[in-house]
Structure formats: C-alpha cells, structure tokens
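Okay, thanks everyone, I'll keep this short. Let me put the model up and then walk you through a few spots in it.

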Amino acid sequence: MGDVVQMHFSTPDYVIFALLLVASTCIGLFYALSGGRQRTTQEFLLADRSMSCLPVSLSLLATFQSAVAILGVPSEIYTYGTQFWFMGVSYFLGLLVPAHVFIPVFYRLRLTSAYEYLELRFNKTVRIMGTVTFIFQMVIYMGVVLYAPALALNAVTGFDLWGAVLAMGLVCTLYTTLGGLKAVIWTDVFQTIVMFAGQLAVIIVGAHQAGGMGEVWRKAINGSRIASLDLNPDPTERHTFWTLGVGGVFIKLAVYGVNQAQVQRYLSSRTEREAVMSCYVVFPCQQVLTRLGCLMGLVMFARYGEDSPLDKGYVKTNDQMVLYFVMDVFRDLPGLPGLFVACLFSGALSTISSAFNSLATVTMEDLIKPYCPDMTEAKATLLSKGLAFAYGLVCLAMAYTASHMGSVLQAALSIFGMVGGPLLGVFCLGMFFPCANSTGAIVGLVAGLVMSFWIGIGHLVSRMALPTTLPPIINGTAMPLPGNMTTAVMTTLITSITAKPKPTGVQALYNLSYLWYSAHNSTTVVIVGLIVSLLTGPMKEKDLLPGTVYPVLGNLLFFLPERYREILCCVTPLPQKPKAIDTHPYQMARKESNGVSHPKEKEKTEETEREKDEDEETATPQPSCRLAHTLQETAL
C-alpha cells in the first residue's frame with residue numbers, strides 16, 4: 001500500500017467554493033431585511049405559511065441529500081453494482097403516503113411542531129419523549145455530517161479541515177439565524193441546483209474521457225456491475241428488490257412522513273394542495289438525483305475497473321475514493337473541482353441548516369412555550385433566533401467531538417437511522433389505531449428504541465468481533481452510514497466473508513439488512529403499543545381529539561355502502577380543507593380527557609365564534625360510530 005495521494009485546489013476552485021458561501025449568506029441577509037423581517041415566530045419558524053410548491057419540494061429534496069450520500073452512492077455502485085437503483089421503487093409509496101395521510105392530518109391541525117400531534121393524540125409525556133428523541137437524533141447527526149465530508153476533502157486535496165468546517169458551520173448558522181425558514185428553503189433551492197450541476201459535470205467529463213456513455217455501459221456489463229432483479233426474500237441479504245423496494249418504504253416514511261425538518265416544510269406551504277404537490281414534485285427529482293449518483297459510480301468503474309484507487313493505497317476509505325476520482329477527472333480543468341466541492345458542501349449546508357431550524361422549532365414549541373404561556377411574540381421570536389444560533393454552535397462542538405471519536409464515528413452516524421423507525425411507529429400508532437392510549441404509546445416507543453439500539457449495537461459488536469483480514473463481499477449485511485436516510489449506503493462498514501453459514505437465532509437478528517431496521521422497529525412500537533393499550537384500557541371514542549385519527553378503513557373500504565361502513569366504525573372524515581389559510585386558520589381543540597390543554601393564542605371574539613360553531617355542529621346529526629370528529633373552522 002502506498003501513501004495517500006493528495007491533489008490540490010487551484011485559485012478558481014477556491015473562488016467557486018467562496019461564491020457558494022457568499023451566495024448562501026446573501027440569501028439569509030435578504031430575508032432578514034425584507035418582508036416582515038422575521039419579527040414573528042410564524043415568519044421565522046414557518047415562513048408565514050406562504051411558500052409555494054417548487055421551493056418547498058426542492059428544499060424537501062435537499063434536506064437529507066447530505067454530503068455523505070453524495071460520496072456514498074457512487075462508491076456503492078462502483079464496488080457492488082447497480083442493485084441500489086431499485087431503491088427508487090420505494091419512493092413511490094414513501095412519498096404517496098405522506099402526501100395523502102400525514103400532510104392532511106398535520107396541516108389541518110395547524111401545527112408548528114410535529115410533536116404537538118403526540119400531545120393532542122396522547123398526552124404531554126409522549127410529546128416530550130418524542131421531542132427529546134428527535135433532539136438527541138439530530139444533535140449527534142448534524143455535527144458528524146459536517147465533519148465527515150470535510151475530513152475526506154482534507155485527506156484527498158489537502159483542503160484545510162477546520163477552515164472548511166468553521167466556514168460552513170458559521171455561514172449556515174448566520175443565514176439560518178437571520179433569515180429563518182424562508183432563508184433555509186431558498187438556500188436549499190440554490191444548493192440543490194449546485195448539487196445537480198456538480199454531479200452532471202463529473203458524469204459528462206468523466207464519460208467523455210472514458211470514451212462515451214456507450215463505452216461506460218459496456219465496461220459496466222463486462223465488469224458485472226449491472227445488477228439484475230434479485231427477488232431473494234431473505235431479510236439478512238443486504239440489497240435485494242424486497243429490502244430496497246419494501247424495506248426502503250419505511251425509511252422514506254420516517255423521513256418524509258414524520259421528521260420535523262420535512263413536516264415543517266409542509267406546514268410552511270400556502271395551501272394543503274401546495275404541500276401535497278411538493279411531495280409529487282420531489283418524486284421525479286429524487287429519482288434523477290439517485291440516478292446521477294449511480295451513473296457517477298459507473299463512470300468511476302469505467303475509468304478504474306477493478307484496479308481501484310483504494311486497492312492501490314491512493315486513498316484510505318471509499319468516500320475518499322469519490323473525491324480522488326473527481327480530482328483525477330478534473331485534473332486539467334481548473335474551477336470544476338471547486339464546483340464539485342461546492343456541490344458536496346451544498347449537501348452539508350442544506351442538511352445542517354434544516355437541523356438548526358427544526359431543532360429551534362421543537363425546542364421552542366414543545367419545551368419552552370407550554371411552560372411560558374405569557375411570553376410575548378417579540379420575546380418568543382428573539383428566543384427562537386437565539387436557539388437557532390445556539391444549535392449552530394452545538395453543531396461546531398459536535399464536529400469537534402466527532403474528530404476525536406475514531407471508530408465510534410461510524411456508530412454515531414448510525415444512530416440517525418436507529419431512531420427514525422420508533423418515531424415513525426409512535427405516529428402510526430396514534431394516527432391509524434383509535435384504541436391506542438398514552439400508556440401504550442410510551443411503552444411502545446421505549447420498546448422500539450430498546451429494540452433498535454439492541455439490534456444496531458449488536459450488529460456493530462458482532463462485526464467488530466470478525467477477523468480484520470476478511471475480504472468485503474456484495475451480499476453481507478451492513479450497518480449503514482446514514483448521512484442521508486434516503487440513500488444510506490457507505491460501504492466502509494461492510495466486512496463479511498464470501499461463504500459463511502446462515503446465521504440463526506439472535507445472530508440472524510443482528511444480520512438483518514439495515515433497510516429493514518425502520519420497518520422492524522416501527523412495527524415493534526405499533527404491536528407493543530396496541531397490546532399495552534388493550535391491557536390497560538383502550539381509548540374511548542369520546543376521548544379522541546378531533547382530526548387526530550386518519551380514517552384508513554373508511555378510505556380502504558370506499559366501495560361499501562355508507563351504512564355498512566358506519567357499522568364498521570370507519571366513515572369518520574378528516575376536517576375539511578381550510579378555504580383561506582391566512583384568514584381562516586383552524587383552532588386547536590381542547591382535549592379535556594387527559595388533562596392536555598393546547599389552545600392557540602386567540603382573542604375573545606375568536607373564542608366566541610368557536611363556541612358558536614360547536615353549537616351548530618352539535619345540532620347536526622352525526623354518524624353513530626365516529627372514531628374522530630371534524631374540527632371547527634373559525635375566522636380570525
């Protein structure tokens with residue numbers, strides 16, 4: 001093995017990288033000084049609920065398209081072939097379900113934090129547990145996702161490590177604190193364009209140098225890198241059609257359905273229709289972005305074949321190999337390496353800025369406002385900005401911590417994936433099962449987290465117990481490096497052997513494909529939650545808050561006559577869509593049965609109007625077996 005080969009940036013590369021930082025900062029300053037100047041929490045945290053479909057969809061796309069994923073997917077394809085392409089199948093249900101199930105529920109309840117839903121459906125304890133779990137997940141994740149690509153960049157190009165980390169962290173903190181969610185969304189749009197441009201440039205130039213896309217494809221076929229459809233149902237197989245196309249659905253639901261960073265973007269939309277359409281727009285964009293990563297991997301293979309820079313000792317890890325390839329391809333093209341690095345750090349910026357803003361939102365809405373009901377709007381806005389700034393500093397501290405974590409770095413990145421499944425499970429428990437109670441939700445969430453960490457840590461421990469000289473293989477199960485939950489594949493963790501006995505018992509659980517983790521853990525939450533709820537007394541119909549249960553049976557059995565659906569207790573509608581977001585917001589109903597009181601701030605005239613609407617609703621005949629009720633629409 002030789003020493004790691006370093007290539008260096010030219011002046012145009014540094015200029016392009018600097019332009020990315022300057023442009024992102026200018027967007028933040030623009031929204032800090034224009035419009036309402038971020039004077040209210042509605043504007044700072046939810047962009048005044050005024051965003052249109054296109055920027056929201058591109059922001060949804062960019063939020064978890066992190067730098068680790070931009071480096072990870074090409075190296076996955078280069079090493080193991082195109083089986084990962086079938087991940088695109090999972091986006092169909094992974095975006096369709098949030099569009100027609102989660103968005104209508106969250107949007108019509110007029111939430112700010114996704115975890116408000118848990119209090120409205122269960123109680124304050126469940127809400128705080130969900131919030132604390134999310135904060136733990138994102139705090140560990142955001143520092144590592146900033147540090148990991150900077151480390152790879154430093155190793156390959158000699159680019160100053162802490163200069164890159166500090167520049168990105170401080171710029172991101174600045175525009176997030178000054179410009180609020182509007183700045184975050186519009187910088188995401190700009191950074192998404194840069195990501196597309198950077199990857200396209202690498203593919204076009206690399207394919208041209210390899211002799212064209214036809215030659216790239218021919219070499220990929222000859223090198224057995226074009227994978228066929230693998231229908232093996234074994235859940236311990238790392239990548240098959242079922243793990244990618246079915247197990248991947250649950251990963252997408254955890255990200256696009258209930259993650260606060262994404263929910264916040266839905267809630268910032270002008271109308272529910274715009275929020276739903278943003279999910280539809282993400283689908284083709286995500287397919288294109290995934291294919292670009294796959295094509296880059298094939299172009300890498302066409303250039304190096306089986307004789308990879310990793311085998312030659314030019315780089316030490318697979319993620320460094322992608323950067324080495326980029327610097328090699330652009331060796332005589334000044335400025336283009338800078339474009340790809342701008343692409344790489346656009347992924348990091350979009351991810352950590354979303355983390356700052358979503359963390360500030362849940363901290364403010366779930367942990368501070370409920371205990372400070374008399375806080376003025378000006379003070380709440382100032383505190384929200386302070387929280388965003390504070391989380392920016394925490395991100396830099398976590399990046400510094402990551403630099404001293406060594407092998408624990410891999411486990412820290414994996415925590416993001418471990419936590420997503422249980423959080424998805426507790427939302428599904430509340431939304432689809434009216435009988436679930438707060439005790440079931442608490443026990444189910446704890447059981448899901450315990451199961452998740454047991455399997456995840458058990459896998460890491462069993463993997464570390466293997467001899468270090470074993471060669472990597474294609475079909476070994478690996479704990480992912482989820483810098484991006486949608487494309488969590490980093491092959492540096494795959495160390496298994498070509499022929500091994502099929503694991504049994506607990507060992508089989510440890511060898512479960514990482515793509516089934518979210519499905520397994522969310523199902524654990526639902527099953528345990530239902531059992532405990534039935535044992536401790538299921539939720540009564542009269543105790544359910546209006547609009548918190550999705551009428552899944554009513555929609556699935558739409559072909560039955562209404563009287564039969566009434567008998568099956570499945571005709572409950574969701575609240576009707578608001579006619580005008582800014583002038584007719586829904587008021588949060590009170591939930592007296594479990595002691596939760598969650599009204600929005602309102603004038604006495606609003607309260608009087610709400611009571612009138614309730615009297616009118618009471619006078620209207622209702623189906624006898626409703627599981628939830630319609631929220632009342634009131635005017636300001």
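So, let's start with helix 4, residues 67–80. It has 14 residues, and from the first C-alpha to the last it reaches 20 Å, close to the 20 Å you'd expect at 1.5 Å a residue. Keep in mind that this is a predicted model, so I'm talking about computed geometry throughout.

How much of helix 4 is buried? Mostly it's covered, with 13 of the 14 residues buried. Then, just after helix 4, you get G81, which takes a positive phi of about 95°.

Next, the packing. The largest nonpolar core has 161 residues, and the ones touching the most other members are F106, Y117, M142, F325, F340, F345 and F427. Helix 8, that's residues 161–210, gives the most to this core, with 20 residues. There's another core lying apart from it, made of nine residues, including L45, M364, A380 and L387.

Skip its neighbours within four places in sequence, and F427 is in contact with F106, A114, Y115, Y117, L118 and V258.

You'll find R49 in the loop between helix 2 (41–46) and helix 3 (53–63). R49 is buried, yet it has no salt bridge. Where's the nearest side chain of opposite charge? That's E116, and it's 6.8 Å away. What the R49 side chain does reach is the backbone oxygen of L267, at 3.3 Å.

Okay, that's my tour.

Terms used:
Residues numbered from 1 in each chain as written. Predicted model: local features only at pLDDT ≥ 70, side-chain atom pairs only at ≥ 80, totals over all residues. Heavy atoms only, no water. Helix = DSSP H or I, 4+ residues; strand = E, 2+ residues; numbered from the N terminus. Buried < 20%, exposed > 50% of the residue type's maximum accessible area, 1.4 Å probe, protein only. Lys, Arg positive; Asp, Glu negative; His and termini not counted. Salt bridge = Lys/Arg side-chain N within 4 Å of Asp/Glu carboxyl O. Polar contact = N/O pair within 3.5 Å; in protein donor to acceptor, adjacent residues only side chain to side chain. Core = buried A, V, L, I, M, F, W, Y, C linked by side-chain atoms within 4.5 Å. Contact = heavy atoms within 4.5 Å. Expected span 1.5 Å × (residues − 1).
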